[in-house]
Structure formats: C-alpha cells, structure tokens
Amino acid sequence: MTANTEAVPNSQKGDPIGNSVSIQLRSDLVALSRIERWHGRLSGGDTEGVLRVVTPSLQVAENRRREAEGSPSDQVCWQDLIDQVRNSPEADFVSVSTAARLLLRDLAEAFLPGPSVSELADRIRMKITDGALPSGSLRSRVRIPAEAGLTSFARTRVDLALQDLAADGLIAVGHSYQAQVASPRKTCRQLAVATDLLRVLVSAGVYPPVSSLPTQQELSRLLVTEKPVVSRALHQLHEEGFLSVQQGLRAVVSPVPPAPVSAPPTLQSLVGRLRSAAPSSTDLDRAAIRASCHRAKVWWHRRLVPDTESLRNVRQSLVAAAADLLPLAARRHPNDPAAYAVLGLTVTAALHDLPAEREIEAWRLACVANAVLGILDLAGDAA
C-alpha cells in the first residue's frame, strides 16, 4: 500500500481517510529508516529504494500545497519539499534520503489533529486586531497561539502562520523564539517597499531583461525579510509584467518590461553617485565599517526605531563604505554578472528615495548593511 490518498484538512479530526494516510506515512518512515541503515553496506546507497518509498507521497504533498491556498508560507513550504525530492541528484544517496525524510515527516505532521496554518493565522490575526494581543509586546512563538485560545497545535504550523502574519506586517519574527506584535496603526509597509526596490533594480538595469534574479532564499537574505514577503513581491511584479515567475525556478526579468529600462550602469557611474552622496570625513576603517553594518542589522532584527540623526549617521557611513569598496570588489571580479548585481543592488538600495517612516528606513539600512558586507567579501584581501 502506498500513501497516495487525497489529503484532507487538518481540522477534520478522526477522519478515516486521514488516519489511513497517517498510518501509511509512519510505515513509509520506518521503511526509509531500514534503507538508511543498510546504506553503509551498499555501494552508493539504495536511492531507487528511497524513491520507491517516497514517490507515491509526492501527490499527497501536491494536494496539501493546493489546499494551502489561504497561506502563502504553507504553499511555499510544500513546494520546496516537493522540489527537493524531485531535484535531488539520483546518484547522491544522502541528498535523496534526506529530502525524502523531510517530506514524509512533514506530511505525517500535517495529518495530526488541530487547526491548519491559515486557521492558526486567522485566529491570531483576530486577537491582534481586537487588542487581545497588545501592540509592541514580545511573545514567544508558543505563547502567541496559546494567548489566541489555541491549545492544540503543531510547532511547524505555528511558524508558518507567523510568517504569513509577518508578511502582512502584523508581527515581526526574530531569529530567536520570539515575535513582536506590531501596532495596526504602524503596520510596516515591507511588502510595498520591497516590491518597489525590486522594480527599481529592474528599471535601473541592475537585473537586465531576460536575466535571472537570485533565488528567493538569497533575496530574503539580501532584503533582510521573510520569504513570504519576497514571494509576494515577486508575484506582484509578475502581474505587472516586469518578471516571469514559475514555481521552483528563479524569477526572470521579462524581455520587454512594461516600463522603460535603463542600460546597465557602469562602475564609474555607480561609484560617482555614491561619492557625491558620501561625506568626506567618514571613518573607512574596516572594523568601523563592520560596526556600522552590525548596528544597522541589530536595529532591524530587534525592531528598534532610532532617532533621525542616528539613522543619518549610519546611512552616511554605509554609503561612504560602499563608495570605497566598490572599485576594489570590481577589480577582483571583472565581468562577473553575479558580483556586478551585488554592486548595483548596494548602490540602488543606498541611494533610493528615502522612505517617510523611520521603521522602513531602519529596514532599508539593514538591506544596505547586508550588501556592504557582501562587497567586503567580494573585495577580499584587497579590502
């Protein structure tokens, strides 16, 4: 018997079809463990055996992805799990077995009783809106659903629900096990600003027509934001005609975007723009540069809102650092499109129109800090 039965919503407790699938998934996990135990005795490992076990469950995972339409984070999670199984090199036993185990484990958890990801997000959203979860307060990832009246939930579903709420600007999820409830009156416009920044990067020629953008994970790191925000921003630009977005693939700039696109800027023009905006008295010691980057990232990760003068000083420091490092990085990586894109992103993020809200400016500075650290790495010993 194989686990190819249609998936059912998590909230349908005691459903016989769901129970039969859960039983089969547990059986498949046991079978996978047996294959993995034999790996040390076989040359190259039994990848065919692993695929025989996991392949029938790909359809179950696909069903779960379709049913998760109320949660972008849940959909992305299922698509990633499916892609990892399908795209793992068949000759690499460890990659295939790891991807199979992750998919089977998450499927088994998905059939546990309790609310779905979208149901969790809706319950928490309602508690934030009616004030039951106070604005600005810090809560653990377990305490938030508990305070929303949820006594039975799976940790993975909670994390995905919090990602959806973060994309909506209702909470800010930190790297620890804490999340901060945002004020409805000060909802962070991350999605709109991230979309605008990516649109400007295309229009400015940093990502020319038919070129590929970085992966969503890499964009998430560069933009210092959650993957659901990046995913929604890319799909917004897809609807506008700037990008072509397909599941499991990098976004590609349209051959003919709906707005004029500049020719890729030259290194001289990038450095010139930065130097014209940078004060001449800035400390360009590498330790000082890293300190400014660290400060900007801490502000954003802790959701601190510095005063205008502090924001201006760190911004000037990062702009001056980028102006100094760009030529060094370019000389070490001539004609490298990926490296050139990092340089262009840094300049665009640093010099793009200042946002009105200090919260958004703090986020933008964290993006610039990440980019400057990337240029430091590209410059290497030359820095």
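What follows looks at a pair of helices and then at a sheet.

Please keep in mind that this is a predicted model.

**The helix pair**

Let's begin with helix 2, residues 47-67, and helix 3, residues 72-87, whose axes lie 9 Å apart. These two helices pack at an angle of about 160°. Angles over 145 degrees count as roughly antiparallel, and helix 2 and helix 3 are therefore roughly antiparallel to each other. Their crossing is left-handed.

Which residues make the contact? Helix 2 contributes Val54, Leu58, Ala61, Glu62, Arg64, Arg65 and Arg66, while helix 3 brings in Gln75, Trp78, Gln79, Ile82, Val85 and Arg86. Sorted by class, the contact of helix 2 with helix 3 holds six nonpolar, two polar and five charged residues.

Now for the strands: three of them form an open sheet, in the order 1-3-2, with antiparallel pairing. Strand 1 and strand 2 are the edge strands, each pairing on one side only. From one strand to the next, the twist averages 30°.

Here are the strands with their residue ranges:

| Strand | Residues |
|---|---|
| Strand 1 | residues 138-140 |
| Strand 2 | residues 171-173 |
| Strand 3 | residues 178-181 |

How many bridges join strand 2 to strand 3? There are three bridges, and the two strands run antiparallel.

Technical notes
Residues are numbered from 1 along each chain as its sequence is written. This is a predicted model: local features need pLDDT of at least 70, side-chain atom pairs count only at pLDDT 80 or more; totals for chains, interfaces and linings use all residues. Side-chain values use heavy atoms; hydrogens and water are left out. Axes are lines fitted to C-alpha atoms, for helices over the stretch in contact, and angles run from 0 to 180 degrees between N-to-C directions. Helices (H or I, at least four residues) and strands (E, at least two) are DSSP runs, numbered from the N terminus. Angles under 35 degrees count as roughly parallel, over 145 as roughly antiparallel, 65 to 115 as roughly perpendicular and the rest as oblique. A crossing is left-handed if the near helix is turned anticlockwise from the far one by less than a right angle, and right-handed if clockwise. Contact means heavy atoms within 4.5 Å. Ala, Val, Leu, Ile, Met, Phe, Trp, Tyr, Cys and Pro count as nonpolar, Asp, Glu, Lys and Arg as charged, and the others, Gly among them, as polar. Two strands pair if DSSP finds at least two bridges between them.
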